[in-house]
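Open the model in your viewer and keep the selection panel at hand. The tour goes stop by stop.

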Amino acid sequence: MFSMLVTGYLFLGGVGGGALVVLSALECANVRSRWPGPPAEPLRLERALRLPNEFFARAWPVCAVSLAAGMLCLLADLGRPDRVINLLVTPTPSAVAVGAYALAASLACSCAFAWLALSDGPNPRRGAAAALAATGVASGLVTVTYAGVLLQSLASVLFWNTPLLPALFALSALSCGAACVFLAAGFTEARFPAGPPVAHVARADGVLVAVEALCLAAYLAWALGGEGTAPAAEALVAGELAPLFWGGVAACGLAVPFVLERFLVRDGRRSQMLGTAACLLAGGFALRCCMVGVAVYDVTQMPGALFGLAM
C-alpha cells in the first residue's frame with residue numbers, strides 16, 4: 001500500500017522523536033550542570049544522570065538529522081511540498097495537522113539543542129533551557145504517537161484499527177531514542193565514566209522493551225481472534241512475513257536488547273553499547289516494515305476473502 005519512503009518516514013521520524021524525548025529528559029536532569037545560573041547543590045537524580053557536553057554534542061545532531069530525514073521522506077512521498085504548507089496554514093484542526101505541527105516543533109527543538117551543543121556562543125539561562133527541553137518532551141511524545149494514529153485512522157485496513165498500534169509505535173520509538181543515547185555514549189571519549197548514567201537509561205529501556213513485548217503479544221492475540229484481521233496476523237506469525245517478524249522484531253528488536261541491557265550495557269563498554277543500539281534500531285525498522293507490509297494481507301485488500309467473509 002505504501003512506498004519505502006513512508007516506511008522510512010515512520011522509522012526515521014520515530015527514531016528522531018524518541019531521541020528528542022529521551023535527550024530532552026536528560027537535558028532536564030543536567031540543566032543545572034550544563035547551563036548558566038545560580039550555584040546549587042545537585043540532586044541525587046542529577047548526579048546519577050550527569051553527562052558531559054561532549055555527549056550532547058554527539059547525540060543532538062543524530063536526533064536532528066533523523067527528524068529532518070524523516071520529514072524529507074514524507075515530502076518526497078507527497079510529491080508536492082505545497083500540500084504541507086496548505087496543511088500547516090489550514091484553520092481546520094485535524095490529527096494530520098496536529099502531527100505536522102508536532103513534527104515541525106520537534107525538528108525546531110532538536111536543531112536548537114544541536115546548535116547550542118556544537119556552538120561556542122553564549123548559552124541560554126537555565127529557565128530557557130528547561131522550557132525548551134519541556135517543549136521537546138511534549139512535541140516528541142506527539143510525534144512518536146502520531147505515526148500510529150495516522151495508520152489507525154485508515155479504516156481501509158482492519159488490522160490497523162486498534163489503539164494498540166499507536167502505543168506499539170510509541171514504545172518502539174522511545175526504545176530507538178534510548179539506542180541513540182547508547183550510540184552517542186559509545187562515541188564519547190573513553191575518559192567519560194559512561195557506566196552509571198547509561199545504566200539508568202538501559203534499566204528504563206528494559207522496562208520499555210518488556211512493555212512493548214506485552215503490547216505486541218496483545219496486538220497479535222486481538223488480531224488472531226478476529227475474522228477480518230486473522231489473515232494479516234497469520235502472515236506475521238506463520239506466513240511470508242514470519243522470518244522478518246520473528247527474526248527482526250522479536251529476536252533482534254526485543255529479546256537480544258533486553259538481555260544485553262539487563263546484563264551487559266551497565267558496564268559502559270563501547271562495543272556493548274553500540275551492539276545494543278544496532279539491535280534496537282534494526283528491530284524498530286523491522287517492526288515498521290512488518291506493520292506496513294502486513295496491510296496487503298488484510299482481508300479488505302483481498303476481494304475474494306472479503307466476499308467469503310461477507311457470505
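**Stop one: a helix pair.** Select H1 and H7. The two run roughly antiparallel to each other, because an angle over 145 degrees counts as such and theirs is about 155°. This is a predicted model. H1 covers residues 4-29 and H7 covers residues 126-152. Their axes lie 8 Å apart. Now show side chains at the contact. From H1, pick Tyr 9, Leu 10, Gly 13, Gly 14, Gly 17, Gly 18, Leu 20, Val 21, Ser 24, Ala 25, Glu 27 and Cys 28. From H7, pick Ala 133, Gly 136, Val 137, Ser 139, Gly 140, Leu 141, Thr 143, Val 144, Tyr 146, Ala 147 and Leu 151. Colour them by type: 13 are nonpolar, nine polar and one charged. Look down through the pair, and the crossing is left-handed.

Select Asp 205, in helix H9 (residues 195-224). Is Asp 205 buried or exposed? It counts as buried, because its relative accessibility is 1%. Next, show its contacts beyond four places in sequence: Leu 174, Ser 175, Ala 178, Glu 261 and Leu 280.

**Stop three: a bent helix.** Glu 261 is one of the buried residues of H11. Select the whole helix, residues 242-263. Where is the kink in H11 centred? Go to Ala 251; the kink there is about 45°.

Technical notes
Residues are numbered from 1 along each chain as its sequence is written. This is a predicted model: local features need pLDDT of at least 70, side-chain atom pairs count only at pLDDT 80 or more; totals for chains, interfaces and linings use all residues. Side-chain values use heavy atoms; hydrogens and water are left out. Axes are lines fitted to C-alpha atoms, for helices over the stretch in contact, and angles run from 0 to 180 degrees between N-to-C directions. Helices (H or I, at least four residues) and strands (E, at least two) are DSSP runs, numbered from the N terminus. Angles under 35 degrees count as roughly parallel, over 145 as roughly antiparallel, 65 to 115 as roughly perpendicular and the rest as oblique. A crossing is left-handed if the near helix is turned anticlockwise from the far one by less than a right angle, and right-handed if clockwise. Contact means heavy atoms within 4.5 Å. Ala, Val, Leu, Ile, Met, Phe, Trp, Tyr, Cys and Pro count as nonpolar, Asp, Glu, Lys and Arg as charged, and the others, Gly among them, as polar. Buried means under 20% relative accessible area, exposed over 50%, partly exposed in between (1.4 Å probe, protein chains only). The bend at a residue is the angle between axes fitted to the seven residues ending there and the seven starting there.
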